[in-house]
Amino acid sequence: MCGAYTLFQLWHIPSTKLLQRSSKLSKDNAGSFFMAGIEISTRLCLRREMQTTTCEIANGSNVPIIRTKQEASSQDKTSTKLEPVGAFQKLPMVMPSVDILYSALRKAKRVSPTKGIVNIAKRERNRGAKQLDALMKELTVPLRSYMENFPNKKYLHPYERSLIELTLGDGHYEEVLGRVDALRKKIQSVGKENASLCSKSLSKREAEERLSEGMKKLEEVFKLEGKAVDDLLNIAKTLRAMPVVDLETPTLCLVGAPNVGKSSLVRILSTGKPEVCNYPFTTRGILMGHIAINYQHFQVTDTPGLLKRNDEDRNNLEKLTLAVLTHLPTAILYVHDLSGECGTLPSDQFITYKEMRERFNDCLWLDIVSKCDLLQDSPVIFVKEDGNIDHIEVERYKRLGPDGALHVSVKSETGLNELKARVHDLLVSQMARIKSKKSSLEG
Ligand SMILES: Nc1nc2c(ncn2[C@@H]2O[C@H](COP(=O)(O)OP(=O)(O)OP(=O)(O)O)[C@@H](O)[C@H]2O)c(=O)[nH]1
Ligand SMILES: [Mg+2]
């Protein structure tokens with residue numbers, strides 16, 4: 001008997017259904033399954049980073065293509081594999097702009113003039129200049145701290161960099177930080193200008209007027225541009241909510257065309273409960289789950305489906321899948337649906353599969369033909385003598401899937417025990433790879 005802990009972390013375009021589902025990862029996640037004849041009991045693990053979270057994915061085609069093919073797999077996998085991730089969990093807390101403003105106004109108004117100034121006009125202009133200076137500082141200090149503590153995107157792990165681009169939209173992160181900094185500079189200049197004017201007042205009345213005008217101007221500027229701070233707050237919330245990935249923990253990544261049964265298999269392999277529906281792109285983001293077998297910890301990610309098309313035409317959901325494969329040390333469980341149910345022709349699945357296989361050829365890999373309850377028994381392949389090799393390969397694929405693929409069915413439970421056993425082996429091999437990579441880097 002061995003323990004297994006599983007919990008799922010969702011990261012996807014919000015849908016009410018998913019949000020509801022994602023918020024109740026609770027005791028009903030507990031369960032058990034059999035692997036290679038051994039019963040594996042599953043329990044809930046309450047680690048903070050395994051909590052279910054959601055975030056929005058940017059729409060539109062303005063998001064850059066993730067680096068492609070050899071560039072992606074060779075460079076990123078080798079050079080960045082063990083770089084730290086987790087920058088999103090260290091982001092500073094951002095105060096809503098309205099809170100910054102009202103707290104700054106309150107504090108500034110409490111500032112009294114320097115003691116010992118007897119002349120009333122002098123005292124008043126001293127008070128005015130000091131209050132305007134205080135207001136300027138109270139408004140700019142938090143903004144400066146955000147500028148210093150939000151990481152520069154270019155120093156992030158490439159996986160986190162991709163997440164920023166794909167979830168927020170390309171350039172949005174930098175644009176918002178730029179607006180926050182511009183606001184800081186504007187407040188600084190308006191504050192200095194008005195404090196200086198106030199300090200030159202010739203009478204008490206003039207000093208009072210200049211103080212009041214200065215306060216009003218600073219307030220106006222902050223109100224006008226303060227949305228930048230609120231946008232930054234939303235960015236921080238979104239990024240902080242992203243699933244925490246541990247680069248040293250073996251990860252199984254389920255990949256395949258939309259609607260082929262990836263999430264259904266994830267539900268079998270872990271106690272995570274991603275949504276399963278009979279339409280493409282049900283899974284609208286990366287779902288990060290955890291399994292522990294024999295006291296070993298593994299991560300599982302369910303990903304959006306990949307269609308047969310060029311990278312330039314891929315939507316952000318597909319790009320997320322590629323980002324995971326490109327930047328995380330994953331083993332791949334590639335799911336093929338030959339039943340005709342999923343909406344992508346087997347011949348098209350074959351083309352995408354070949355491309356992915358070539359692109360991520362360093363990854364440990366397991367092929368699964370899903371929904372085998374819908375397939376005819378004992379498929380027979382008739383090969384004509386004059387058949388062209390490519391054609392034979394496709395025909396063979398359409399009936400059997402790739403060589404060595406395991407045929408499984410979630411519905412009839414065919415092949416599931418073998419699948420679990422093979423997944424375990426795969427993840428253990430992935431663990432050995434990670435360890436050897438780590439020791440070669442350390443040595
Ligand atoms: N007959 C049969 N149907 C299955 C099997 N596995 C999954 N399905 C059905 O296939 C449909 C798609 O399943 P999902 O698990 O949501 O597929 P997916 O690949 O995660 O889909 P996307 O998230 O949209 O990419 C659902 O209607 C499932 O009930 C199976 O073994 N047999
Ligand atoms: Mg799915």
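Which of the 23 residues around ligand 1 come nearest? They are Gly 261, Ser 263, Ser 264, Asn 278 and Thr 283. A residue is taken as near a molecule or strand if its C-beta atom, placed from the backbone, lies within 6 Å of it.

Before going on, the ground rules. This is a predicted model, in which local features need pLDDT of at least 70 and side-chain atom pairs count only at pLDDT 80 or more, while totals for chains, interfaces and linings use all residues. Residues are numbered from 1 along each chain as its sequence is written, and chains are lettered from A and ligands numbered from 1 in the order in which they are written.

On confidence, then. pLDDT is the predictor's confidence in each residue, on a scale from 0 to 100. The chain averages 81, and 78% of the residues score at least 70. Over residues 1–82 the pLDDT is below 50, and this stretch has 190 contacts in the model beyond near neighbours in sequence. Residues 378–383 also stay under 50, with six contacts beyond four places in sequence. Contact here means that the C-beta atoms of two residues, placed from the backbone, lie within 7 Å.

Now the chain as a whole. Its secondary structure comes to 13 helices and 10 strands. These are DSSP runs, numbered from the N terminus: helices are H or I with at least four residues, strands are E with at least two. The chain has 443 residues, of which 43% count as buried. Buried means 20 or more other C-beta atoms within 10 Å of the residue's own, exposed means 12 or fewer, and partly exposed is in between, with C-beta atoms placed from the backbone. Of the contacts between residues at least 6 apart in sequence, 79% join residues at least 24 apart.

Back to the ligand. Helix H9, residues 262–269, gives the largest share of the shell around ligand 1, three residues. Sorted by class, that shell has nine nonpolar, 10 polar and four charged residues. For the classes, Ala, Val, Leu, Ile, Met, Phe, Trp, Tyr, Cys and Pro are nonpolar, Asp, Glu, Lys and Arg are charged, and the others, Gly among them, are polar.

Most residues other than glycine have a negative phi. Asn 259, in the loop between strand S5 (251–256) and H9, has a positive phi of about 70°. Phe 281, in the loop between H9 and strand S6 (285–293), has a positive phi of about 60°. Are these two buried or partly exposed? Asn 259 counts as buried because it has 21 C-beta neighbours inside 10 Å. Phe 281 has 15, so it counts as partly exposed.

Next, a helix pair. The axes of H5 (residues 158–168) and H10 (residues 316–327) come within 9 Å and cross at roughly 175°. H5 is therefore roughly antiparallel to H10. The axes are lines fitted to C-alpha atoms, for helices over the stretch in contact, and the angles run from 0 to 180 degrees between N-to-C directions. Angles under 35 degrees count as roughly parallel, over 145 as roughly antiparallel, 65 to 115 as roughly perpendicular, and the rest as oblique. H5 makes the contact with Pro 158, Tyr 159, Ser 162, Leu 163 and Leu 166, and H10 with Asn 316, Lys 319, Leu 320, Ala 323 and His 327.

Leu 328 is in the loop between H10 and strand S8 (330–337). Its C-alpha is 9.3 Å from that of Pro 158, across 170 residues of sequence. Leu 328 counts as buried because it has 25 C-beta neighbours inside 10 Å. Beyond four places in sequence, its contacts are Tyr 159, Val 245, Leu 247 and Thr 251.

Last, helix H4, residues 120–149, which contains Gln 131 and Glu 138. Gln 131 has 24 C-beta neighbours inside 10 Å and so counts as buried; Glu 138 has 21 and so counts as buried. Leaving aside neighbours within four places in sequence, Gln 131 is in contact with Ala 108, Lys 109, Val 111 and Leu 211, and Glu 138 with Ala 104, Lys 107 and Ala 108.
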